Amino acid sequence: MAPDPNYTCRVEKPGDFDAFWEDVTKQLEKIDIDISCVLDEFRSTEDISVYEVFFNSLDNIRVSGWYAVPTEYTGRLPGLMLVPGYQSDPPIPKEWAKKGYACLSVNPRGKVRSRSQFDPGYPGLLTYGIVDRNTYSYRGFYCDAWRGIDFLLDRDEVDSQRIAVTGSSQGGGLTITTAAMRKEVKAAAAGAPYLCGYMDAIELTHTYPYEEINDYLRHNPGSRKAVENTLSYFDGISFADKIKCPIIVNIGLQDNVCPPETGYALFNQIASKNKKLYEYDGHGHEAGRYIHSRIVDEFLEEHLGQE
Amino acid sequence: MSKTRPSDFGSFWYSVGKELAEVPIAPEVESIPMRSTDFADLYGVRLSSIGPYRLFGYLSIPKGDGPFPVIYYVPKNASVLEIIPQGTSNQIRSRYITFSLACRGMRNSDSPYAAMYPGQLTDGLESPETYVYRGIVADTIRGADYIMTRSEVDKNKVGAWGNDNAILAAALHDSITHVVSTPAYLFDPIESLTRTDSYPLAEFGDYIRSNRSNADTVQTVLEYFNLRWHAQSITASTLIMADYKDGIYSPETLSDLDELIPGEMTLHESERSSFKDGLFAENWITSEMFGKEVSPIVPEHWR
C-alpha cells in the first residue's frame with residue numbers, strides 16, 4: 001500500500017521551543033570556535049586540496065571535519081556543507097570540490113575522529129540522555145553541524161552569500177535543522193530525512209536505528225512521556241516552519257529506515273515557498289539517489305552558481 | 001600491471017591459519033537485556049584473534065528450540081559495528097542466529113588499534129606480513145570459529161553476509177555454507193582503482209600517490225587479498241551483488257568470479273534501488289536455507 005502523502009505525525013512543537021534553542025545557540029556563540037585547518041597532502045591531488053579540520057562546539061567538544069576545495073578557481077567559491085548519515089563515516093568530499101564547491105564534510109561528536117570527548121556508541125547515540133532535553137545527545141550534535149556553517153563563513157575563499165547544505169538520512173535530518181537555524185544557508189537538499197517524526201517512525205518501522213528507541217522504551221517503560229517530551233524539541237518537523245530558503249526533499253516510497261510517511265509529514269510543514277518534493281516509487285532508503293543526484297546538482301547550480 | 005597469484009599464496013594463508021589455531025578463542029559472553037526482545041536474546045561477545053587481539057561482536061539467538069540457521073555479518077570497512085545491518089527487519093532475529101563482528105580497528109574492537117576511515121585499508125601496506133588486513137582476515141575467520149562452537153547453530157546453514165570479507169570467510173573457513181557478498185575493494189584492487197577516485201578504493205590511490213616508489217610492492221601485497229585468488233576455494237552457495245552495469249564492480253567485471261567459484265553462484269546486477277536489491281538478497285537467502293515456499297522476513301515498507 002502506498003504511503004499517505006497527507007500523513008501527519010503526532011509531534012507537537014513545544015511552546016518554549018524557540019526559547020530553548022535560543023538559549024542553546026547563545027551557549028554555543030560564547031565558545032571560541034578555534035578553527036584548525038591543516039592541508040592533508042596524503043589525501044590531496046593535483047585537482048583537489050584536502051584539509052583536516054577541527055573546531056570547538058557546544059560544551060567545548062572538539063569536532064572534526066574534512067574540507068575539500070579545487071586547487072584552481074577564480075573569484076570566490078560557493079560553500080557547501082555535507083552532513084553525514086547515522087552510522088556511516090563522514091566522507092572526504094572530493095567529488096563536490098571537483099564540481100567547484102568549497103565543501104566541508106562535518107563529523108559531529110561521537111563519529112570517527114570526533115569521539116575522544118563524547119562517545120555514546122552505536123547503537124546508543126539515538127537514546128543517549130533522552131529523558132532530558134538538556135542532556136540529549138542531539139543537543140550538541142545539532143550544534144556541531146550548525147558550527148560547520150561558521151567554519152565556511154570563516155574561509156576567505158568562500159562566498160558567504162552562496163552557502164548550501166545537503167545530506168541524506170541523518171544528513172537529511174541535519175540539513176533540515178541547519179537550514180532552519182542558520183539564515184546564511186541559501187539552499188538545502190535533504191534526502192530521506194531521519195530525525196523527523198521519531199515517535200511515529202518507531203511504530204511505522206522496526207529496523208535500526210529507530211529501533212533503538214523501542215529498545216529503550218521496552219527497557220524503561222516509565223520513561224515514555226519524558227522521551228516524547230525531549231524528542232519534540234529535536235524533531236525535524238518542529239524545525240520545519242523556520243525553513244525559508246529554497247529546499248528540495250527526496251524520499252523513497254519503500255524506505256525501510258526512514259518511513260516515507262514521516263518524509264511527507266515533514267515536507268508539508270516546511271515553511272519555504274520555494275520547496276519541492278521528489279518521491280521515488282520502487283526505491284528504499286537510498287531514495288532514488290542515482291536519479292536524484294543530477295537534480296541536486298542542478299538545484300545547487302541554480303541557487304549558488306552565480307557569484 | 002599484471003595480476004599474478006603470489007607463488008607463496010597457499011603457504012601465506014596456511015601460516016595465518018596456523019597462527020590463529022594457536023590462539024584460544026577464549027570467549028566471554030555477556031547478556032544485553034536492553035536489546036533482547038520476546039523473540040531473541042542479545043549478547044555481547046569478546047573473543048581473541050591473532051596478536052593476540054581482543055575482538056567484540058553482537059550475538060543474537062532466537063528464543064525457542066534450535067538448532068537455528070546463522071547469518072554471520074562479517075567485519076566491514078567502516079568504524080561502526082551494527083547488531084544487524086541498518087534497515088534489516090529486527091524480526092529476522094526470530095529466525096536466524098545473527099553474529100556481527102568488529103574486526104580490529106573498528107569501534108568496540110579499537111584497543112589498542114583504532115583505525116581511521118579512510119585509513120584502515122593502507123595501514124601496514126609495506127608487506128603482506130605487516131599489512132593490517134592480514135589480521136582483519138584472521139579476525140573474520142575467528143568469528144566463524146566462534147559460531148561453530150555454539151550448540152544452537154544449525155551447522156548446515158551458516159551464511160556469511162557483507163562486503164569482500166564474506167568471500168574471504170567462505171574461502172578460508174569450510175563451515176560457511178552460504179555467501180551474500182557485495183565486493184567493494186578487493187577484487188583486482190589496483191586495476192579497479194584506475195576506474196574511480198571514490199573511497200574506499202581511493203585509499204590505495206592516495207597511498208600509491210604518496211609512495212610512488214612502492215607501487216609494485218602495493219600491488220604485490222594486495223594480490224594476497226585479491227578475491228580473484230580466493231574464489232577457487234569457495235564451495236558455499238554464493239550470491240554476488242554486483243554494481244549497476246556502469247559501476248566499478250559491474251557484472252561484467254565480476255564475471256570472472258562466476259567462472260572461478262566452483263560452488264553454485266548467482267551474480268545479481270544492481271537495480272540501483274536498495275529496496276529491489278535488498279529484497280532480492282533476502283529472497284535468495286530464505287530460499288536457499290528454507291526453500292521457495294517460505295517467505296523472507298522483510299521490513300514493513302518492503303511488504
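The model is predicted. In it, 45 residues of chain B are in contact with 49 residues of chain A. The two chains bury about 3800 Å² between them, and the count of salt bridges between them is six.

**Interface of chain B and chain A**

- Of the area buried between chain B and chain A, 48% is on carbon and sulfur atoms.
- One of the six salt bridges joins Asp110(B) to Arg115(A), with the closest N and O atoms 2.9 Å apart.
- Polar contacts across the interface amount to 27 residue pairs, both residues being at pLDDT 80 or more.
- On the side of chain B that touches chain A, α5 (201-210) and α9 (274-290) of chain B each supply at least two residues.
- The largest share of that side comes from α5(B), with five residues.
- By class, the side of chain B that touches chain A consists of 17 nonpolar, 16 polar and twelve charged residues.

**Glu203(B)**

- Glu203(B) is part of helix α5 of chain B.
- Glu203(B) is buried and has no salt bridge. The nearest side chain of opposite charge belongs to Arg43(A), at 4.6 Å, which lies outside the 4 Å limit for a salt bridge.
- Within chain B, the side chain of Glu203(B) reaches the backbone nitrogen of Gly119(B) at 2.9 Å.
- Apart from neighbours within four places in sequence, the residues in contact with Glu203(B) are Arg43(A), Asn77(B), Pro118(B), Gly119(B), Gln120(B), Leu121(B) and Thr122(B).

Key
Residues numbered from 1 in each chain as written. Chains lettered and ligands numbered in written order. Predicted model: local features only at pLDDT ≥ 70, side-chain atom pairs only at ≥ 80, totals over all residues. Heavy atoms only, no water. Contact = heavy atoms within 4.5 Å. Buried area = accessible area lost by both parts, 1.4 Å probe. Polar contact = N/O pair within 3.5 Å; in protein donor to acceptor, adjacent residues only side chain to side chain. Helix = DSSP H or I, 4+ residues; strand = E, 2+ residues; numbered from the N terminus. Nonpolar A, V, L, I, M, F, W, Y, C, P; charged D, E, K, R; others polar. Buried < 20%, exposed > 50% of the residue type's maximum accessible area, 1.4 Å probe, protein only. Lys, Arg positive; Asp, Glu negative; His and termini not counted.
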